Amino acid sequence: MRLILAPMEGLADAPMRDVLTRIGGIDLCVAEFVRVTDHLVPRQKFLRTVPELDNGGRTPNGTPVRVQLLGHDTACLAENAVVAAELGAPGIDLNFGCPSPSVNRHGAGAILLNQPERLFAIVAAVRRALPAEIPLSAKMRLGVDDTGLALDCARAVESGGAAELVVHARTRADRFRPPARWEWLAQIRETLAIPVIANGDVWLPQDWTHIRTVSGCADVMLGRGLITRPDLARRIRAGENTPAMAWSELLPWIVDHYSQLRNAMNPRHAPGRLKQWLGMLRAAYPEAGVLHRELRVLHDPAQVAHRLESAGDECRQE
Ligand SMILES: Cc1cc2nc3c(=O)[nH]c(=O)nc-3n(C[C@H](O)[C@H](O)[C@H](O)COP(=O)(O)O)c2cc1C
């Protein structure tokens, strides 16, 4: 069984992947999408999104990071997949799930789920272009407005030559509305010979047990659940009843993440990212809510760092 960190644009970037993989339990990451239109993506753009490419396509603790491509132009996706592989990507993933209207208007992302034959053409072209040793996966939702073509889409991805398929168990119309339709994962898994990776609404170790029982899938992709409970993968491995990481253990990771953010992006944007994470952590840690409220009024990156570090000191003294 594998636990895979989901691609999450604007949320699970390289600093977050580093912190989460070091906390532990994650076998593989898929990076947030790289948009492919009608030309070769500059090398710098690949490296900005997936800086791990400079480290053999692995996070600092050695976890492989697949590059995800989002586009509709078959030839261009194939050419860019080759570039990503040459840059060191240990695998390529194709995005057939993005619900963004601006992306869908250009024929990319979830809208492709209306045309299984296009999915087949894209997967086949990318597979043909890539060196045989580079695994190709795809990530899809269950459809655009309904699930009518879900099995056709899954078959198209398999016949195109993908080695595995991640299914986010919702249609585009479902957006992120709970509950995810886990029962569909079982139907898709029974239809395909390649591994199907279950995704959607795994927030707690018990959800992991449940999604595997309902879907029969061995592998699970974790998204927002891992951001909200950064030790989720570790706890799943250690057993359902393992206690959650204490706030005092989590806080140094938050400090580490914030300091990486200040180096990785325009420092002015780092406080926003930190507040976004704290906002999500509130669901599991009331202390994150307190810190979130205190930091809300601060915008200067250095002041935020100072307050964060004093929170760490206070925590150590308790
Ligand atoms: C903020 C955000 C950004 C996302 N970005 C991507 C992306 O770049 N590529 C992709 O395939 N899915 C993306 N997703 C979808 C997730 O990978 C995942 O399928 C979805 O969140 C459901 O899993 P979860 O319930 O475990 O979060 C994104 C989701 C969120 C919340």
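This is a predicted model: local features need pLDDT of at least 70, side-chain atom pairs count only at pLDDT 80 or more; totals for chains, interfaces and linings use all residues.
Good morning. The second largest pocket is lined by 16 residues, and D13, E32, R48, T49 and R273 are those nearest its centre.

Three helices, α1 (14–23), α2 (43–49) and α11 (247–264), each contribute at least two residues to the lining of the second largest pocket. Of the elements, α2 gives the most, namely four residues.

I turn now to the largest pocket. Rolling a probe the size of a water molecule over the atoms shows where empty space is left. In the largest pocket, that space comes to about 610 Å³. Its lining consists of 28 residues, with P7, M8, K139, R141 and F176 nearest the centre. Strands β5 (92–96), β6 (136–140) and β9 (220–222), together with helix α9 (224–228), each supply at least two residues of the lining of the largest pocket. That lining divides into 14 nonpolar, eight polar and six charged residues.

Next, the chain as a whole. Its secondary structure amounts to 14 helices and nine strands. The C-alpha atoms fill a box of roughly 60 × 45 × 35 Å along the principal axes. How does the radius of gyration of the protein chain stand against that of a compact globule of 318 residues? The globule would have a value near 20 Å, and the chain has 20 Å, so the two agree. Of the 318 residues, 56% count as buried. Among contacts between residues at least 6 apart in sequence, 69% join residues at least 24 apart.

I now come to the local backbone. Most residues other than glycine have a negative phi, and most peptide bonds are trans. The loop between β7 (164–168) and α7 (182–191) deserves attention on both counts. It contains P179, which is joined to P178 by a cis peptide bond with omega of about -5 degrees. The loop between β7 and α7 also holds R175, whose phi is positive, near 50 degrees, although R175 is not a glycine.

A further positive phi, of about 65 degrees, belongs to D201, again not a glycine. D201 sits in the loop between β8 (196–199) and α8 (205–215). Is D201 buried or exposed? With a relative accessible area of 13%, D201 is under the 20% limit and is therefore buried. R175, by contrast, has a relative accessible area of 42% and is partly exposed.

Finally, I would draw your attention to P135, in the loop between α5 (116–129) and β6. P135 is partly exposed, at a relative accessible area of 26%. Which residues does P135 touch, leaving aside those up to four places away in sequence? They are R66, P90, G91, I92 and R127. P252 stands 117 residues from P135 along the chain, and the C-alpha atoms of the two are separated by 35 Å.

Thank you for your attention.

Note on methods: Residues are numbered from 1 along each chain as its sequence is written. Side-chain values use heavy atoms; hydrogens and water are left out. On a 1 Å grid over the protein atoms alone, a cavity is a set of points where a 1.4 Å probe fits but cannot get out, and a pocket is an open set with protein on both sides within 12 Å along at least five of seven lines; lining residues have an atom within 4 Å of a point. Grid points are joined across faces, edges and corners, and a volume is the space filled by probe spheres set on the points. Ala, Val, Leu, Ile, Met, Phe, Trp, Tyr, Cys and Pro count as nonpolar, Asp, Glu, Lys and Arg as charged, and the others, Gly among them, as polar. The radius of gyration is taken over C-alpha atoms; the globule rule is 2.2 Å times the number of residues to the power 0.38. Buried means under 20% relative accessible area, exposed over 50%, partly exposed in between (1.4 Å probe, protein chains only). Contact means heavy atoms within 4.5 Å.
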